[in-house]
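This report describes selected local features of a predicted model.

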Amino acid sequence: MVRVMAASAAAAAAAAAASVAASASLSTVSSQVTIGRAPILFVAPWTRLSATGGPLRASSSSRRWVVPPIAFAIGPRNRRRLAPAVAATAPDSDPDHGTSDIAGRASENRGGDRNLRLVGVCGGIGSGKSLASRILRDDLGAVAHVDADGLGHEAYAPGSDCVLEIGKAFGEGVLLKPGNGRGAEVDRKALGSIVFADPEAMSRLERIVWPHVESLLLSRIKNIEDNLPNTTARTDPPLAVVEAAVLLDAGWSPLFDAVWAVRSPRLVRRDRLIEDRDMEGEEADARIEAQSTRKGIEDLEGEMESGTVTCVIENTGTVEGLRAQLREALVDPHSWRDGKPVLVL
């Protein structure tokens, strides 16, 4: 399981030196990216410096930690070792959608003194991410579960700015009530016929919709934090879960203290879609394939190595097995970017 800690280059070096001096075993990999206007050095520590076969060192020219880590993924039976990584990529970068400033916006909205821990849960359709999110809330003590799909429906509210922007971008033919009136609604069938046939059109739609969903997400999180004094927390510190299939593609990763990806084999996901959602086989296959290029779904080994995903949950067995894995992830320091676990009370 991967742990990533975001810090300035100086703070990261000081923390690493202090950790080594205190005989803490670390190996790190990092990547400098820019969030807002400030350069951030993402440092990913793992257990056991000796496993990398080299000392901790930094390059003064590139300001990048260069010792490759060894990552682990949570499985139903044991942890599975992945190949060492050489460098990490920026977890919030996306060539099609640019870089989200969600970390900066969150800092402005939420302030610097944060008590609430946030875990983002992603995964492909039929993987079980919704079930995992509900278990974290209902069984393991999270104070809230925010479903980004639900926020997407809010963004599509009749007459919203998002709807009007969609009409401007794709024409009034995609609106049920065209014109400048605030009652305009999206004709989902008409819009779908455009974007599902054209990847560029889909990217254009995402560039419109995702910022509106992001604003709703930040508002929802702020409300959760504001209500913490009136909430009985069942974890220490309090925990909130955000479920979002597009979490990584939308550039929201910097908002979270951890990003967990729920994974199931394609055939298992296909069977679930047919049995649980009454889909035909061809429709299930098409829905799965449509997400095949999404981050946090297919290339989890690479995303674990880069630190984009901090934990993989293998959902191939029973609900009890899934619950056990989630409980293990909560208390495992390696599942969290700052190495601080969440205890279930």
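## A buried serine

Ser127 is buried, because its relative accessibility is 1%. The residue sits in the loop that runs between β8 (117-122) and α3 (129-138). Apart from neighbours within four places in sequence, its contacts are Val262, Ser264, Arg269, Arg272 and Asn315. The model is predicted, and this applies to every value below.

## Salt bridges

The whole structure contains 13 salt bridges. One of them joins Asp257 to Arg117, with the closest N and O atoms 3.6 Å apart. This pair links distant parts of the chain: Asp257 belongs to the loop between β11 and β12 (258-263), Arg117 belongs to strand β8, and 140 residues separate them. Asp257 and Arg117 are both buried. A network of salt bridges links Arg117, Asp257 and Asp338.

Glu206 and Arg294 form another salt bridge, where the closest N and O atoms are 2.4 Å apart. Glu206 is in helix α7 (residues 199-226) and Arg294 is in the loop between α9 and α10 (300-306), so the bridge ties together parts 88 residues apart in sequence. Glu206 counts as buried, since its relative accessibility is 7%.

Asp226 is partly exposed at 43% relative accessibility, and Lys222 is partly exposed at 32%.

## A negative surface patch

Which residues form the negative surface patch? The patch consists of Asp271, Glu275, Asp276 and Asp278. Asp276 is part of helix α8 (residues 266-277). With a relative accessible area of 62%, Asp276 is exposed.

Asp278 lies in the loop between α8 and α9 (281-290). Its relative accessible area is 68%, so Asp278 counts as exposed.

## Backbone geometry

Most residues other than glycine have a negative phi, and most peptide bonds are trans. Asp278 has a positive phi of about 55°, although it is not a glycine.

The peptide bond from Asp236 to Pro237 is cis, and its omega is near -5°. Pro237 is located in the loop between β10 (235-236) and β11 (239-243).

Notes
Residues are numbered from 1 along each chain as its sequence is written. This is a predicted model: local features need pLDDT of at least 70, side-chain atom pairs count only at pLDDT 80 or more; totals for chains, interfaces and linings use all residues. Side-chain values use heavy atoms; hydrogens and water are left out. Patches are made of residues with over 30% relative accessible area and no salt bridge: like charges are joined within 9 Å, nonpolar side chains (Val, Leu, Ile, Met, Phe, Trp, Tyr) within 5 Å. Accessible areas come from the Shrake-Rupley method with a 1.4 Å probe; for residues, only the protein chains shown count as cover. A salt bridge is a side-chain nitrogen of Lys or Arg within 4 Å of a carboxyl oxygen of Asp or Glu. Lys and Arg count as positive and Asp and Glu as negative; His and the chain ends are not counted. The place of a charge is taken as NZ of Lys, CZ of Arg, CG of Asp or CD of Glu. Helices (H or I, at least four residues) and strands (E, at least two) are DSSP runs, numbered from the N terminus. Buried means under 20% relative accessible area, exposed over 50%, partly exposed in between (1.4 Å probe, protein chains only). Contact means heavy atoms within 4.5 Å.
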